[in-house]
Amino acid sequence: MIRARITGTGSYMPEKILTNFDIEKMVDTSNDWIVARTGIEQRRVAAEGEYTSDMATRAAERALEMAGVTAGEIDLIVLGTITGDYPWPATACIVQKNLGADNAYAYDLSAACSGFVYALSCASDFIQSGRGKKALVLGAETLSRIIDWTDRNTCVLFGDGAGAVVLEATEGDTGLLSSHMHSDGSYLDLLYQPGFGTRHMPSAETLEDRLPYLKMEGNEVFKVAVRSLTSVSLEALEANGMTASDVSLFIPHQANKRILEATAKRVKLTDDQVYINVHKYGNTSGATIPVAMDEANRAGMLKADDIILLSAFGGGFTWGSTLIRW
Ligand code: UT7
């Protein structure tokens, strides 16, 4: 049986660090509140002139280098993002050009914070079907540009960054064992960016209403996030006849430490089974999981035959999980 196996990981985080103390000077908040409610201590912010495609390219280069794969060998590039350089064309096409991945076709995937796990699922299906042998899967975001820096309810939560993995066809028992994706469009207005799609075009009025900025009903999102992350994590384990004790490392979407802890508890995972880096980067939407994977991988935490569980939840709502034998 052909499976897709991760043979390289890479990430790129912009240099500029914005601490909670910096944000204290911008809105009515405090380091204590942010740490207590979210676990976040700081986040990275892209430099002026630094775009999602730049960060994604750097992450991809690092993943390719680790895999020992050249850009020309890549058949497919899928980028999970909601903050692409342009509404269209796809930022994945810019990454393809930057890398010189001349044999790949490339597209963006819009599933908010679930963008990376959705993209991983698409690329895995592509490889399993035999249509190609090597794919690049990315999650990259410049959320700092769609954040309302006057809204304390949201501006403390998000950050910028990019992560990437190289997927290759393999015939062994290793690789992606299964993927489980879900959506529910009825929750759209709990977490979304009202402008500028074609529904709300740029105008003095839509700017005045701050429509180009991310809006979130955090408390409502929180409850559904814990429920959905729990159910989709259990779904992946059940589909493979496994339980929480089989998991070597759970790498969830990093939105809020309290969400991760509540989910881990419900899935019956112990603290040392859960990878957390939200304190360093905040919520980088589609980038959180590949960045965390790359950190864990480079720290030697992902070993041969380990069972790795990835779960994500985000705007749409979208949610999904993937179980991997490393
Ligand atoms: O990526 C996937 C999608 N995103 C998420 O999963 C995020 C989900 N939500 C959350 O992480 C949390 O709901 C938040 C961190 C956004 C908020 O935490 P909460 O414990 O749900 O707080 P809350 O919204 O119930 O607000 C509690 C209080 C409110 O004051 P009142 O009405 O009780 O007087 C807020 O106005 O905290 C206030 N508040 C703040 N205070 C200081 C909200 N934001 C801030 C802030 N600093 N930055």
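Okay, a definition before anything else: when I say pocket, I mean an open set of grid points with protein on both sides within 12 Å along at least five of seven lines. And keep in mind that this is a predicted model.

So, with that in hand, where's the ligand? The space it takes is the second largest pocket. If you look at which elements give two or more residues to the shell around the ligand, you get α2 (31-38), α6 (152-155), α8 (218-239) and α9 (257-267). The largest share comes from α8, with four residues.

Now, how does that sit with the domains? Domain 1 runs 2-174 and domain 2 runs 177-325, and both give residues to the shell, so the ligand lies between them.

Let's go to the shell itself. There are 23 residues around the ligand, and the ones that come nearest are Thr29, Arg37, His253, Asn256 and Asn283.

As for burial, the ligand taken alone exposes 950 Å², and the protein buries 75% of that.

Which residues does a cis peptide bond join, with omega about 0 degrees? That's Gly195 and Phe196, and Phe196 is in the loop between β9 (191-192) and α7 (204-208). There's also a cis peptide bond joining Gly316 and Phe317, with omega about -10 degrees. You'll find Phe317 in the loop between β12 (307-314) and β13 (318-325).

Last one: Ala112. Its phi is near 50 degrees, a positive value in a residue other than glycine. Ala112 belongs to the loop between β5 (105-109) and α5 (115-128).

That's my tour, thanks.

How values were computed:
Residues numbered from 1 in each chain as written. Predicted model: local features only at pLDDT ≥ 70, side-chain atom pairs only at ≥ 80, totals over all residues. Heavy atoms only, no water. Near = heavy atom within 4 Å. Areas by Shrake-Rupley, 256 points an atom, 1.4 Å probe, with all protein chains shown as cover. 1 Å grid on protein atoms, 1.4 Å probe; cavity = no way out; pocket = protein on both sides within 12 Å on 5 of 7 lines; lining within 4 Å. Sits in = over half its atoms within 2 Å of the grid points. Domains from an automatic or database assignment.
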